[in-house]
Amino acid sequence: MSCPTVGATTHITNGVTSVDCQKQVRSWRILRSLMELLIPSCYCAFIDKHQEIKHQNYLHRYYQPPVCTSSGVITGTIFGYRRGKASFCIQQNTKSNNPILLLEFAVPTAVLAREMQGGILRIALDCTSKGNSSGNPDSVLSMPLWTMYCNGKKVGYAVKRKPSKADMDALRLMNSVVVGTGLISGKELDHHDDELMYLRANFENLRTSPDSESFHLIDPDGNIGQELSIFFYRSR
């Protein structure tokens with residue numbers, strides 16, 4: 001299946017349909033519009049409004065401007081089959097064979113993609129650890145399970161897991177994509193009845209404490225915004 005594009009160049013190689021966003025796409029809005037084109041209108045899914053948490057408390061907890069240090073720029077990829085669940089992978093770079101972190105979200109890929117259409121996607125991952133923060137605590141990214149909030153709504157859990165062979169095969173097919181969205185034919189991954197959707201970008205890694213870390217999308221112009229951010233928070 002070919003990928004419609006908006007002001008971008010499409011490349012189709014070995015069953016991978018991708019958009020060269022680094023050279024052609026100049027804003028997050030266009031990147032988001034490309035994602036919209038990948039989502040057929042028949043895939044409708046909704047999150048129960050009763051799962052929403054109080055908006056002000058949510059913003060206060062996760063979005064106050066923190067005093068933080070940058071840990072550098074990493075490659076972040078959100079991917080998943082249309083009829084499956086989404087995952088988030090952090091790599092040192094696009095060609096890395098040893099992911100720093102792989103999370104499987106409880107949220108279906110189609111639901112997460114639709115959240116992106118609103119222009120802002122903020123994922124907050126909250127976990128609880130026994131003990132205190134004295135000594136040399138493990139990184140917050142080492143925790144195995146998080147409660148997940150998406151744009152202020154509780155949507156289930158995120159689970160840390162080891163990359164499977166299927167995960168690594170998908171990431172290898174994407175290793176030529178630096179920034180972009182696209183589709184991978186299921187036939188390339190022995191998943192003949194579905195397609196794998198992905199969004200890949202550079203993210204700034206910010207650390208405020210051993211219990212708080214976040215990743216913020218860097219747009220093709222090099223600007224760091226809040227349009228797509230993922231927050232990790234650990235309480236004790």
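Which residues form a nonpolar patch on the surface, with about 270 Å² of accessible area together? Select Leu145, Tyr157 and Val159: these three make up that patch. Accessible areas come from the Shrake-Rupley method with a 1.4 Å probe, and for residues only the protein chains shown count as cover.

This is a predicted model, in which local features need pLDDT of at least 70 and side-chain atom pairs count only at pLDDT 80 or more, while totals for chains, interfaces and linings use all residues. Residues are numbered from 1 along each chain as its sequence is written, and side-chain values use heavy atoms, without hydrogens and water.

**Colour by confidence.** The protein chain averages a pLDDT (the predictor's confidence in each residue, from 0 to 100) of 75, and 67% of the residues score at least 70. Residues 1-27 have pLDDT below 50, with 75 contacts (heavy atoms within 4.5 Å) beyond near neighbours in sequence. Residues 39-56 are also below 50, with 27 such contacts. Where pLDDT is low, the predicted coordinates should not be read in detail.

**Select Leu145.** Leu145 lies in strand β7 and is partly exposed, at 45% relative accessible area. Here buried means under 20%, exposed over 50%, and partly exposed in between (1.4 Å probe, protein chains only). Leaving aside neighbours within four places in sequence, Leu145 contacts Cys127, Tyr157, Ala158 and Val159. Asp126 is 19 residues away from Leu145 in sequence and 8.5 Å away, C-alpha to C-alpha.

**Select 145-150.** This is strand β7, where five of six residues are buried. Strands (E, at least two residues) and helices (H or I, at least four) are DSSP runs, numbered from the N terminus. Two strands pair if DSSP finds at least two bridges between them.

- Strand β6 (residues 121-128) runs antiparallel to β7, joined by four bridges; Ala124 faces Tyr149.
- Strand β8 (residues 153-160) pairs with β7 over six bridges, also antiparallel; Thr147 stands opposite Tyr157.
- The β7-β8 hairpin has two residues between its strands, and Asn151 in the turn has a positive phi of about 50 degrees.

**Select Val159.** Val159 belongs to β8 and is partly exposed, at 38%.

**Select 109-116.** Helix α4 is largely enclosed by the rest of the structure, because seven of its eight residues are buried. Among them are Val111, Leu112 and Met116.

Note on methods. Patches are made of residues with over 30% relative accessible area and no salt bridge: like charges are joined within 9 Å, nonpolar side chains (Val, Leu, Ile, Met, Phe, Trp, Tyr) within 5 Å. A salt bridge is a side-chain nitrogen of Lys or Arg within 4 Å of a carboxyl oxygen of Asp or Glu.
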